[in-house]
Amino acid sequence: MASLSLKGIEKVYPNGFHAVKDFNLDIDDKEFIIFVGPSGCGKSTTLRMIAGLEDISGGVLEIDGKKMNDVEPKDRDIAMVFQNYALYPHMTVYDNMAFGLKLRKVPKDEIDKKVREAARILDLEKLLDRKPKALSGGQRQRVAMGRAIVRNPKVFLMDEPLSNLDAKLRVQMRIEISKLHENLGATIIYVTHDQTEAMTLGTRIVVMKDGVVQQVDTPQNLYNTPCNLFVAGFIGSPQMNFMDAVVKVSGTDVTLTVGQHVLKVPASKKQALINGGYDGKTVVLGIRPEDVHDSQAFISNSPDSVIKSKIKVYELLGAEVFLYFDVEGTQMTARVNPRTTLRTGDDAVFALDMEKIHIFDKETELTITN
Amino acid sequence: MDYSPELDHALKTLRQITGLTMDVKADTLEEEEQALRQIQCLCSAYQEKYNKTHFLQGLITGTIASYDILERAPRLHITKDEKRVLFLLKTRGTLDEAVPEILKNLFPARTKSYLVPLTECSIVILRPMKSCETEEDIVKIAHTIVDTLNMEALASVQVAFSSGFDTLAECSAAYKSAYLALKVGNLFYSEQTVFPYNRLGVGRLIYQLPVSLCEGFLHEVFGDEIPDALDEETNSTVTRFLQNNLNIAETSRQLHMHRNTLIYRLEQVEKQTGLDLRNFEDAMTFKIASMVMNYLQTERNS
C-alpha cells in the first residue's frame, strides 16, 4: 500500500472555472480518507486528479514519494470504484472480475488466484458462476469492488460508490467497505456528499467547500471542534443551531445576548472572547441540538442559559424526539428524550449546555472558542 | 517474391479484410503499379460492399448517398428504420486498445449496437433505443460509459450524445449534433464529462454567435468597463443563487451561509455590474453575460 502527498494542488478548467484551490494533504499508508462537501465543492475533481483522469493545473502530487503529475493513470498503480459502474451483462461474476486482468494480459493462473482471493474477501465465492442479472444490488456492488481488488493496487479511489443503492443497502455496504479496509489494510480515498458515510467510515475527513479545504481532522474532532461556521453546519444531523449574539464583558463576567435572552459564558470559553476584543460585537453562537435540554433538572441547574419559546413542530423518531422552535426569528432544533411532555404549540423552556457552545466570528466565520 | 512496400501492404490488407491470398507477377515497375491500383480498388470495393464499419463510418460522416443506404444496409443486416441514439466518445489521448474491448462487452453485438472508430481518439456508439427509454436513461448510460472506462481502462473520456433518431439516413445529422455537444460542452461546461445535445442551453446559442456580436453585448450590459471575471467566491455564490431560482433561503442553506451574507454579496455584484440579481431579468442578463465572458476568454486562450 502507499502514502500520498498533495502539495498546493490546483485545478483550473479552460473556461476559467477554478475547481480546486491550494489543496494540501498528506495521506499515510493504510489511511481511510474521506473527501466530503456539498456538490460542486471540488472533491471529485481532486480524486480524479489523483487518478490522473484530470490534468493537475498546479502543485505536486506524490505517491510513495514519487511525483505523479504527468504519469499516465494506468501507471499510477491505483484502482477506482465509481458511482455508475456497469457489469458486463453476458459475463459471469468470475469473468467480470477477471476481465481487467485479461486485458492486461496477466497469465491465466495468476488471474484465477487473484479472482478467487477477491471473491473470498468479498464473500462472492458461491456466486462466481452467476450472471449480473441474477445478482442483487449489493452483490453487484461487491463485484464492482472485486474488479478493483484484483488489481492489487497501492491506492483505492472511490467516488460515491454507494449513491445508487437504496438506504438500507447503503448501510450494509458501508459496513462491508469498513471491513474491507481492515482486511486489505489498504489506503482508501473515498468521496461522498453524505456526512453520515463520512463520519462512520473515515479515519480522517477532509471537508471541502468551493474548492477549498476547510478542515482535515478525525470525525470526532470535526464534530466537537469545527474550525469554522461551514464545518460546524455541515457536520452533524440535524445541523448545529446558529444564532446571532452580542458579547458583553463586565469585569470577569462575559455574557451573550440573543434578543431578550442573556446567556452566561462559562470560564472555559470567555477568555478567548475577552482576548479577542469581542466586547460589544456580534458573534455567531452555535449549539448542537443534543446540547439543548428540556429536562427540569438541567434547567434548574443552568439558570444562566435559559431560553423560552413555543414549539412549532414535534417529531418523534422512536429513540429520540426533535423539537423545532424559533428564538428571535431563528429556527432551532432540540434533540430530546422521547419521554418529553412537550408537544406542538406548547410554551417551552430550554437550557443550553454552555460548556458545549461554539462561538464564531461573524465576519471571518472562524471559530473563536475551539 | 519481393514486392514494393506499398504492394506488400495492399496484399496484406486484402488478406485481412477478405481472407484472400494473392500473388502478383509483375515484370516492370509499371505493371507493379497497375497491380497495386487494382488491389486497392478491390479492397475498397470489398469494404464498400461487405464491411459494416466502413459503411457506418460513411454513414456518420455523410459520404454515403441515401439511395446507397437503402441498398447496402439490408445487405449488411443493419435495420434501416429503428430508433437509435448516437454516442460520441472522446479520449484525452490516443484511444487505448482496452477502450473498444470494454465497449464491445458493454454493448454486445446481440444488442444491435455498433461501435464505429472514427479517429485515433474518438469512437461512435450507435445504440438502439427501447420504446420505454427516456432521455434520463440515456444520460445514465452515458455516465455508465464514462465511469466504466475510468474504472476499467483508467482512461479519461468525455461522452456527448445526440437526440433519438429514427432512420439510418439521420446518422450524419446525429453525429453532427453530438460533435457540437462535445465542442460546446467543452467550452461552457468543461468540468463535466457527459454532454447531451438537448441540454446545451444558451451555450449552443452563444457558440454560434460571432465574436464581435458577443463583445457588443458585453458593452451593452457593462458599459466600457467589462469585468474580466468576477472573483471566485462571488462567482460560486451567484451560480448557486441562479441554480436555486433566485431563492435566497435555499441558496444560503446550501452554501451554509447566513442570508445576510448572501444578500451582502449580491449587493456587491450590483455595485460592480449594475445588475440586481434578485430581479429575474437582471439575473438572466447576468447569466448570459457571464457565459459570453467565459466563451470569449476561452477563445482568447485558445
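Biologist: Which residues of α2(A) meet which residues in α4(A)?

Modeller: Val93(A), Asn96(A), Met97(A) and Gly100(A) of α2(A) meet Val143(A), Gly146(A) and Arg147(A) of α4(A). Contact here requires C-beta atoms, placed from the backbone, to lie within 7 Å. This is a predicted model, where local features need pLDDT of at least 70 and side-chain atom pairs count only at pLDDT 80 or more, while totals for chains, interfaces and linings use all residues. Residues are numbered from 1 along each chain as its sequence is written, and chains are lettered from A and ligands numbered from 1 in the order in which they are written.

Biologist: How do α2(A) and α4(A) pack?

Modeller: At an angle of about 35°, with axes 8 Å apart. Axes are lines fitted to C-alpha atoms, for helices over the stretch in contact, and angles run from 0 to 180 degrees between N-to-C directions. The crossing is right-handed: the near helix is turned clockwise from the far one by less than a right angle.

Biologist: Why are α2(A) and α3(A) called oblique to each other?

Modeller: Helix α2 (residues 93-103) and helix α3 (residues 108-121) of chain A pack at about 135°, with axes 10 Å apart. Under 35 degrees is roughly parallel, over 145 roughly antiparallel, 65 to 115 roughly perpendicular, and the rest oblique. The pair is therefore oblique. On α2(A) the contact uses Tyr94(A), Met97(A), Ala98(A), Leu101(A) and Lys102(A); on α3(A) it uses Ile111(A), Lys114(A), Val115(A) and Ala118(A). By class that is 7 nonpolar, no polar and 2 charged residues.

Biologist: What makes β2 and β5 of chain A edge strands?

Modeller: The open sheet of 4 strands runs β2-β1-β4-β5 in chain A, with antiparallel pairing. Pairing takes at least two DSSP bridges between strands. β2 and β5 (66-67) each have a single partner strand, so one side of each lacks a neighbour in the sheet. β4(A) (residues 58-63) and β5(A) are joined by 2 bridges. Ile63(A) has Lys66(A) as its bridge partner.

Biologist: Which strands stand at the edges of the sheet of 5 strands?

Modeller: That open sheet has the order β15-β19-β16-β17-β18 in chain A. Its edges are β15 (292-293) and β18 (330-336), each pairing on one side only. Inside it, 5 bridges join β16(A) to β17(A), which run antiparallel. Tyr314(A) stands opposite Leu323(A) in β17(A).

Biologist: How do you know that the span of helix α1 of chain B agrees with its residue count?

Modeller: Helices are DSSP runs of H or I with at least four residues, strands runs of E with at least two, both numbered from the N terminus. The expected span is 1.5 Å times one less than the number of residues. For the 14 residues of α1(B) (residues 5-18) that gives 20 Å; the end C-alpha atoms are 20 Å apart, so the values agree. Just after α1(B), Gly19(B) takes a positive phi of about 85°.

Biologist: Which element gives the largest share of the side of chain A that touches chain B?

Modeller: α8(A), with 4 residues. Overall, 30 residues of chain A contact 29 of chain B. The chain A side has 19 nonpolar, 9 polar and 2 charged residues.

Key. Two residues are in contact if their C-beta atoms, placed from the backbone, lie within 7 Å. Ala, Val, Leu, Ile, Met, Phe, Trp, Tyr, Cys and Pro count as nonpolar, Asp, Glu, Lys and Arg as charged, and the others, Gly among them, as polar.
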